[in-house]
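Please examine the sequence and the structure shown below.

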Amino acid sequence: MAATINLSDSERSSPNDQSVSSRSSNRSLRVAEKERRKNEAEDPFVLALKYFTDVEAGTPVYGNDDFERNLVLVEKVAYSKGLSPEAISVMLEFAMSLRMGSSPCVRVLKCLIPATVVPQEAVVRAVVWLGVGKIPISTQVLFIKWVLTVFDMIDTKDQLRAVYGFIFSYVTEENLCPFICHLLYLLTRKESVRVFRVRKLLELQSKLGRQPFLLHLLSLYKVFCPELVTLSIPSRMRSGFRNHISPWKSALIAVQKRNGLQVASSMSLAFTIKDKTNSRKRKHCHLEVPALRSVVNKEAQTEKCSSRKVVPLVQLHSFAQLLENMHHIELPAQMGSLLGSSLALQYLDCVQDESALLRLNFWLGYALHEEFLFCGDGGAIQNSEDALQFLNKLLSAHHFLQEGFSSSEAFLYKFLNVWDGSLLRPQILGLLSNIPVVPSSQIGRLLFEPLTQLFFTSSLFFKCGLVECLNNMLLKWLTWHSVYALEDDLDISLNSHTSINMTLSGFKDSVMELVNFVGQLASVGLQIEGCQSLLLSFVLDFYETVCDTFLKYGLPLVVMPPSGVFYPALFALDPVSVDRLAYIMHRYKVNLTSAKAQEKLTKAFHISRQTFHEFNHYVVDMVSCLWNSKMFQPGMGVQLGEELLLKSKVPQYWTSFDLIHHPAFMSYAVDFHQKCWPGKKDMDLSSIKHSKPWSWYLEYLFTQGYDGLKQFVQSNISRQLTASDGQGDTQQR
């Protein structure tokens with residue numbers, strides 16, 4: 001019973017203890033809040049903000065020491081730590097309301113350096129002030145520049161898009177038009193595109209001409225509503241929004257680095273800095289691929305997502321989640337961040353979002369042009385490490401998507417004309433190999449002319465790299481053909497991210513131009529480099545692709561290698577090159593035989609008789625040289641005068657390049673002779689030509705791994721052995 005009573009007492013005392021503890025905690029909070037308010041009241045910066053909040057309209061500026069002292073204090077904090085969202089709201093409201101006239105407005109706008117985010121409400125109120133106050137045009141331009149600079153730091157964009165029509169009304173102001181178009185480009189959604197807006201932009205274009213900023217906004221409108229924009233948009237446009245001077249960029253970067261935050265401004269391509277002494281010198285911040293992230297204000301983003309049922313891409317962590325939310329995904333403000341996310345690239349590949357691709361291509365094209373083409377002070381050369389990482393990430397995205405971006409293609413066509421062939425060579429050649437099929441009428445001007453100059457003025461290693469690059473390009477072209485070819489009309493779509501179509505005939509012309517171009521380069525290059533085996537190896541790699549275009553890729557086209565490639569390979573000093581040539585000729589025969597059989601069944605395609613003639617000529621020369629020991633005979637591709645051959649004093653010169661005396665195989669013949677006749681002191685290689693030793697010698701060569709030579713012999717030579725101790729007659733099949 002006593003225990004029960006004691007327990008009851010403890011239970012009764014527990015609420016009292018909790019009440020006392022709660023009162024004590026509340027008192028501590030009140031004391032802390034009181035202390036904080038006291039400190040804030042004494043903080044000069046808080047007092048300065050209070051001054052700009054309470055200042056009355058019409059207060060004079062000149063001779064006002066309070067104004068000067070408080071503004072200097074705000075500027076000091078802005079350039080050292082950045083301004084909080086509350087401070088941004090106060091100072092922006094003060095500047096745009098013109099309470100102290102227009103003279104301090106510019107100075108205040110220039111010190112609006114956000115420390116974290118920019119409140120959307122403050123920006124919307126400032127936009128409204130554009131139509132209320134009498135703000136000078138130059139100040140309006142400065143304000144729009146500021147909005148573009150901090151656009152990615154604005155916490156949400158829904159209210160800004162709600163006043164899209166109000167912002168659009170300023171497009172008629174000639175001085176504001178380029179900046180308004182840029183802002184509209186960033187804010188545009190499908191519901192923003194209206195007939196009257198398209199008409200207004202077309203009217204402006206007829207008045208101002210085909211300005212890039214108008215064309216880029218119209219191109220975005222056309223992506224969303226192609227039926228409303230009948231204007232033909234150029235497929236390749238230069239950057240539509242100029243790289244204007246930004247008075248905030250350097251301070252913004254410094255503040256955010258000092259605060260230990262990611263420099264969001266460096267992700268934006270809206271502006272960069274120009275040096276006063278040189279208009280082409282700038283800070284290089286375009287080579288940094290942005291991190292994939294959501295809107296900065298997480299609370300506002302959560303409310304927005306819940307109301308619109310959208311899922312930020314940054315919140316997805318697996319392909320299964322991507323599939324579940326495929327049609328509810330909200331893309332990041334910085335499209336460049338897609339390059340660093342495999343899920344984002346999968347989204348691009350699956351959904352084929354034209355607006356996302358347009359934005360990404362704009363960002364990418366701007367970065368490539370600014371850092372590699374338009375930068376007079378070295379750009380990527382001085383930032384080679386950043387450029388290397390940037391291009392590697394771009395190449396990784398290309399490989400993931402198995403195709404390139406149109407912006408990188410347009411950049412390469414320009415960059416090849418100024419490239420020295422050594423700067424970031426592996427990366428540039430990697431990008432070059434991803435170029436989609438170029439029409440035969442343009443391929444010479446865009447690719448062949450600059451590449452020819454680079455090829456003949458560069459080192460052996462560049463020549464090898466370029467041939468490998470063109471081989472990879474051909475492989476991707478043929479793969480695209482085999483994947484996208486339509487069986488009915490034989491039309492092919494060259495790129496899943498473009499609307500370019502090409503007929504089979506046009507595609508064949510482009511492939512033939514590329515193959516012939518590489519053949520010309522290889523022929524002259526092998527002469528220049530003395531038939532260097534390394535270059536020859538890359539050339540043979542290319543023709544291993546070419547010889548199988550019909551059977552492996554379904555393209556009814558067979559192009560033979562030029563004599564400048566065939567004969568250096570036939571007379572090469574290393575057996576691997578001769579073996580690879582034999583394999584290539586074997587595959588040519590298989591493809592031509594299959595094409596000839598197919599040609600009898602359908603008239604959809606036709607292999608030129610000249611191609612068969614070239615093949616037969618090469619095979620006859622190869623058999624005569626390697627097998628029949630009939631080198632330098634009349635009618636062969638390589639001929640020497642009889643007198644010159646006699647002066648050489650080479651005994652039995654016609655056998656110099658058979659499988660026994662060929663420089664590439666002589667070491668094997670000597671080794672075979674020693675194994676076959678170990679007791680012989682005098683070495684007579686001609687004895688290998690007798691029937692049994694000859695058969696043994698061939699088997700010996702084939703066991704050394706020369707499968708190409710074996711396939712060529714089996715498919716092109718038939719042997720008829722005689723009873724006599726001779727090699728026997730040979731017939732070409």
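Which backbone nitrogen does a side-chain oxygen of glutamine 532 reach at the start of α24? It is the backbone nitrogen of leucine 534, to within 2.7 Å. This model is predicted, and the distance, like the other values here, is computed from it.

Helix α24 itself covers residues 533-546, 14 residues in total. From its first C-alpha to its last it reaches 20 Å, close to the 20 Å expected at 1.5 Å a residue. The buried residues of α24 are Leu535, Leu536, Phe538, Val539, Leu540, Phe542, Tyr543, Thr545 and Val546. These buried residues pack against four helices: α22 (460-484), α23 (504-528), α25 (563-570) and α26 (575-601).

The next topic is the nonpolar interior. In soluble globular proteins, nonpolar side chains tend to be buried together. The largest nonpolar core in this model has 137 residues. Among the residues with the most contacts inside this core are Trp477, Met585 and Tyr697. Helix α22 gives the most to the core, with 12 residues. Apart from this core lies another, of 83 residues, including Met100, Ala122, Val150 and Tyr170. Leaving aside residues up to four places away in sequence, methionine 585 touches Met560, Phe566, Phe615, Tyr618, Val619, Met622 and Phe712.

Finally, consider serine 192, which is placed in the loop between α10 (177-187) and α11 (195-208). Is serine 192 buried or exposed? Serine 192 counts as buried because its relative accessibility is 7%, and buried means under 20%. Beyond residues up to four places away in sequence, serine 192 touches Tyr164, Leu187 and Arg197.

Key. Residues numbered from 1 in each chain as written. Predicted model: local features only at pLDDT ≥ 70, side-chain atom pairs only at ≥ 80, totals over all residues. Heavy atoms only, no water. Helix = DSSP H or I, 4+ residues; strand = E, 2+ residues; numbered from the N terminus. Expected span 1.5 Å × (residues − 1). Buried < 20%, exposed > 50% of the residue type's maximum accessible area, 1.4 Å probe, protein only. Contact = heavy atoms within 4.5 Å. Polar contact = N/O pair within 3.5 Å; in protein donor to acceptor, adjacent residues only side chain to side chain. Core = buried A, V, L, I, M, F, W, Y, C linked by side-chain atoms within 4.5 Å.
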